[in-house]
Each structure stands twice: as C-alpha cells, then as structure tokens.
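Subject: Structure handover

Hello,

Here is the structure I promised to pass on. Please open it first, then read my notes below.

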Amino acid sequence: MNNKEIVAKAIYAVVKEDLSLETVTQLLENPKSVDHGDVAFPAFSLAKVYRKAPQQIATDLAEKIAGTDFEKIEVVGPYLNFFMNKKMVSQAVIGQIAKEKGHYGDSSIGEKGNVPIDMSSPNIAKPISMGHLRSTVIGNSIAFILEKIGYTPIRINHLGDWGTQFGKLIVAYKKWGSEEGVKTAPITELLRLYVQFHEEAETQPDLEEEARAWFKKLEEGDEEATQLWQWFRTESLKEFDKIYSMLEVSFDSYNGEAFYNDKMDEIVTMLEEKHLLQENQGAEIVDLTAYDLNPALIKKSDGATLYITRDLAAAVYRKRNYDFAKSIYVVGNEQSNHFKQLKAVLNELGFDWSDDMHHVPFGLITQGGKKLSTRKGKIVLLEEVLNEAVTLANNQIMEKNPDLPNREEVARQVGIGSVIFHDLKNDRLNNFDFVLEEVVRFEGETGPYVQYTHARAMSILRKADFTIDETKEYALDDKDSWEVIKLLQKFPDVVMQAADKYEPSVIAKHAIQVAQAFNKYYAHVKILTDDAQKESRLALVYAMATIIKEDLRLLGLHAPDEM
Ligand code: ARG
C-alpha cells in the first residue's frame, strides 16, 4: 500500500457517512515541504457537510484518527498533515524488495495479452537515422515496461523494404553500381546510387519510366528484380544489425512492408465491398471528411499500392496473427496524420479493435536546435556516434578506475547506455539537442551518473560483506533515509504510470531521483559505522541498488557492479 492509500483509509474510517473512499483519495495532496509531512488532507471539503470552520473540522478529525500508521498528525490551518510511521513503512518496503528483488513492482494486469510494438522500422538502402534510433530505444523500453505489468510484447521491425524507390535502385545499380561496392559498404553505396539516380533523372526523364517498369516487375515477382531486391535487403540488414547488437535490441519479427505485398488485395476487396473506395483522377481513395482528415490514398492511378495500404494489411495481419490486447506504433510525430488515417479507415471497415491501436509519437533529435537532415547525403552515422560514446566512457573510466578488470565491457555498457538514457530521460514528445560530451558525463542527470551511483552502492555492500536476509526485519526512522525510502515505495506506481502513458521518461526520472536522494543520504550518514542500525542502513543500500538496477533494465541499460 502506498502512503496515500494508508492515509485515505484512516480518514475514511471516520468520515464514512459523508465521503466515499474515492473522494477522500482524490482530495489528498502531496505537501510541498517535508516539514508538512508526507500526505496532507484539506478539510474545507467537509465544511459544508459539518457546518463548522475547516480548522475545527481538522482538529476534530485529528483527534478521532487512531492507529500506529502515523508518527503524528498535525493540524495547520484547515490542513491535516500526516507524518507516516517511518519505521513501519521502511520495514515494509525494504522487506518487500528483499523478497521480490527485481520483481518488485511486477503485476499481472496485462493478463499475458499480446502487444505488437512496431519499432525502429528503418528503410532499406538508407542509413538508419537518429529518428529510427529514438523509435528503437523508446519501443524497446516500452516493451520491457509492458512486460513488467504482465503483457507479452512482440517487437516488430516493420522495415521499409517496398515501394517505388526499389525500381529506382535497380535501375541505378544496373547502370552505375558494382557488386564490390555494395558488398564493401552497402548503405553508403546504395545511398550514393539513389542520389545519383535523382540527379541523372533531372536531365533524363526516361529513367523514371524505367524505374517504374522495374518496380512493376518486382511486384510481379520477376526473378532478376527479386534477387536484386533480396540482396539489397540482406546487405542493409547486416548494417542495421551492427547497430541493434550495439544497443542490444532484438526483434521478434522483421516482417516489413514487402511482407504485405500479397495481403493487400484482400483489404482493397473489403474496401470495395463496403463501398468505401472512390475514384479520384484515376486513383482510389477513402474519403475521411467525417474524421476531419485528408482522404487516404489506397492505390495510385497506375495501380501501385502505398504506404498506408501496406499498413492496413499489417494491422489486420497483426490482429489475426497475435489477437493483440493492444497494438503500438512507435513512430515520429510527423506521421501522426498517417496513423489517424489508418485508424479511421479500419474503423470505417468496422474493425472495433482499431481503438486498441496506439500511435506513440516522439519529437526530433536536433543539433544546435536544427533538424538533422539525411537528404543530400548529409547524414549522422549512428554507428560512429555510438563508438564515440564508448570511447568517451572509456576515457573517463581510465581516469577514475584504471584497474577495472572488465573495463572494455563496462565502457560499452556506459557509453551506449548514456546515449539510450539521454534519449529516454525527456518526455518523448520533446525535441532535444544532442551534444555527445554532455550525454556521456558522469555528473548531472545522465545515464553514467545513475550507473555510477549503483556501482558505488555495490561497492559499499562488498566492503561490508553484506548479504540481505529476507527473514530479518530492517527498519529506519531518520529523515535522510526517508527520502530514499519514499522513492523506493513509489516504484510500482511509477511503473504503472510509465505503462499508462507509454512514457519511459517516467522511469528515467525516477532513476535520477533515486540516485540523487541516495547520494545525499550517503553524504550525510555514515553507513558503515558500527551501531544498532548498521544492518538496516546496508539493507537500504541493497534495496536502492536493486531498484536502480531495475529502473535501468526497463530502459534497456546495464548496471555494472563496478565502474
Ligand atoms: N519506415 C518508416 C520510416 O522510416 C517507418 C515505419 C513505421 N511503421 C509503420 N507501420 N508505418 O518513416
């Protein structure tokens, strides 16, 4: 039970006749200052019922409320300030973490329901962008968070591996490409060919026609076209996999857009049968005026299908194949309209499960406040960014702890982790600037700071040769530990909030708060002093390290024991 629940119950016991438990709970406030206790109840809400001055009501209530749950209840003006019994709460919280370890905060709310998470989803033959990085790490974290509350996440990489651009690539490769080139540096070479195609097409418009013809061949299963496409895809995936393995993200499915090539006819037929398709200058559209949206373009005048056509097929496939409890798309904010249209068309088709589909959008990573551009060949190569982060982390570890035995491994966990953490610590809709040196710092609100706090706690436990004993009772009642304990107690609520909002930043912020509170505690209190509370202090250090590690795990980061 959290403190609000404990207080609400205590108040409810004496105002049963007049207020519901729910109302009492809603009225409770978090006092701004610790001097005002842990939970506050404003008594004005009862003034009308009792026809007394709020202050008097507060005093009366304070007298009636009994129990050992509180150290004291203070009346300040119309407010009742509750000071929790620190011993009881700390004993309960530390005890529960000692028993449940990393499983503290787990729940079964999700009832094992499947949740496909459409994440990462870069485009073949193009570099994986910072946007795709965001989708990858946000999606991966949401998967861990939902799993913690009992869902079964399914990580799907909906690769952009289909569309007219493959016609262009085939033409460009046949004219100006080489097998060597693609093999040595697939993405760079394919991007070069793509850019060259567009340059040459400006003076040779025939090229566009040729490209359309090749894409048509591809759609019809022509052998040469299919082989080339397959090869571009395989080579690109090899490049993507380097990044995925650095981030330690893996996928349950790589079914990209091409996978739905033979599943779109059915959708078009359904749309026809429901008389939803309209002709517009030779193209087929679904009118969405009723939703205040632009029409969804389902088929071009040359019969080619589009991005949304494939997403319609994918949505239906996922419902059938996974019978999902909900279906999530972690895709940039700029595609919001696309997902509104997608849901609207499914709704028109009568699929009420479209309500269970959620677009989880996010903002841009900027540089100097400006959008990073991948056009014109100017690209930030993610692999380089990640490698650089590892180097910076390594430099700092060399300074702080030159004898660390597994330094390389730790540098990787810290360097890569710092980039992930930086991406997840802000509300996902915010744009943010990326300055690598700041991301990898060991101070401030960074991943390395949180990891370092964990390592420090582990070193204290090693020094004391402490192992937690779940049958023992550990309790603390000092002010310094209380701040840490309250944050640990809150963790299950924090997980629920993050899951409700699909917002990993809630977890990241909690990790930062725990680290800060612990470092303050560590600065004020001599943990290893031999006295009656030493064991309890060490148990708190253990509980803190356990929760910070779990916070980090939910974000996709390691918590090294030493760094
Ligand atoms: N490949 C797309 C892009 O890079 C993202 C795909 C997102 N997923 C989806 N089901 N539409 O913009």
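Are Phe-324 and Trp-353 buried or exposed? Both of them are buried. Keep in mind that this is a predicted model.

**Aromatic pairs**

A search of the whole structure turns up 20 aromatic pairs. One of them joins Phe-324 and Trp-353.

Next, look at Tyr-329 and Phe-339. Why is this pair called tilted? The ring centres are 5.0 Å apart and the planes stand at 45°, so the pair is tilted. Tyr-329 belongs to strand E9 and Phe-339 to helix H14, so the pair ties together parts that are 10 residues apart in sequence. Tyr-329 counts as buried because its relative accessibility is 1%. Phe-339 is buried as well, with a relative accessible area of 4%.

There is also a cluster. Trp-162, Phe-215 and Trp-229 form one aromatic cluster.

**Charges over rings**

Phe-324 comes up again here. The charged end of Lys-319 sits over the ring of Phe-324, 4.7 Å from the ring centre. Lys-217 lies over the face of Trp-214, at 4.0 Å from the ring centre.

**Domains and a listed motif**

The protein chain is divided into domain 1 (3-84), domain 2 (114-259 + 323-366) and domain 3 (382-555). How far apart do the C-alpha centres of domain 1 and domain 2 lie? They are 55 Å apart.

UniProt, in an unreviewed entry, lists residues 122-132 as a short sequence motif, the 'HIGH' region. In the model, this span is 27% helix and 0% strand. Its end C-alpha atoms lie 6 Å apart.

**His-524**

One more residue to look up. His-524 lies in helix H20 (residues 505-524). Is His-524 buried or exposed? It counts as exposed, because its relative accessibility is 52% and the cut-off for exposed is over 50%. The side chains of His-524 and Asp-480 are joined by a polar contact of 3.0 Å. Ser-481 is 43 residues away from His-524 along the chain. The C-alpha atoms of Ser-481 and His-524 are separated by 9.7 Å.

Over to you.

Best wishes

How values were computed. Residues are numbered from 1 along each chain as its sequence is written. This is a predicted model: local features need pLDDT of at least 70, side-chain atom pairs count only at pLDDT 80 or more; totals for chains, interfaces and linings use all residues. Side-chain values use heavy atoms; hydrogens and water are left out. Rings of Phe, Tyr and Trp (its six-membered ring) pair if their centres lie within 6.5 Å; planes under 30 degrees apart count as stacked, over 60 as edge-to-face and the rest as tilted. Buried means under 20% relative accessible area, exposed over 50%, partly exposed in between (1.4 Å probe, protein chains only). Helices (H or I, at least four residues) and strands (E, at least two) are DSSP runs, numbered from the N terminus. A charge sits over a ring if NZ of Lys or CZ of Arg is within 6 Å of the ring centre and within 35 degrees of the ring normal. Domain bounds come from an automatic or database domain assignment. UniProt positions are given in the numbering used here, feature names are shortened, and annotations may be inferred rather than shown by experiment. A polar contact is a pair of N or O atoms within 3.5 Å; within protein, one must be able to donate a hydrogen and the other to accept it, and residues adjacent in sequence count only if both atoms are side-chain atoms.
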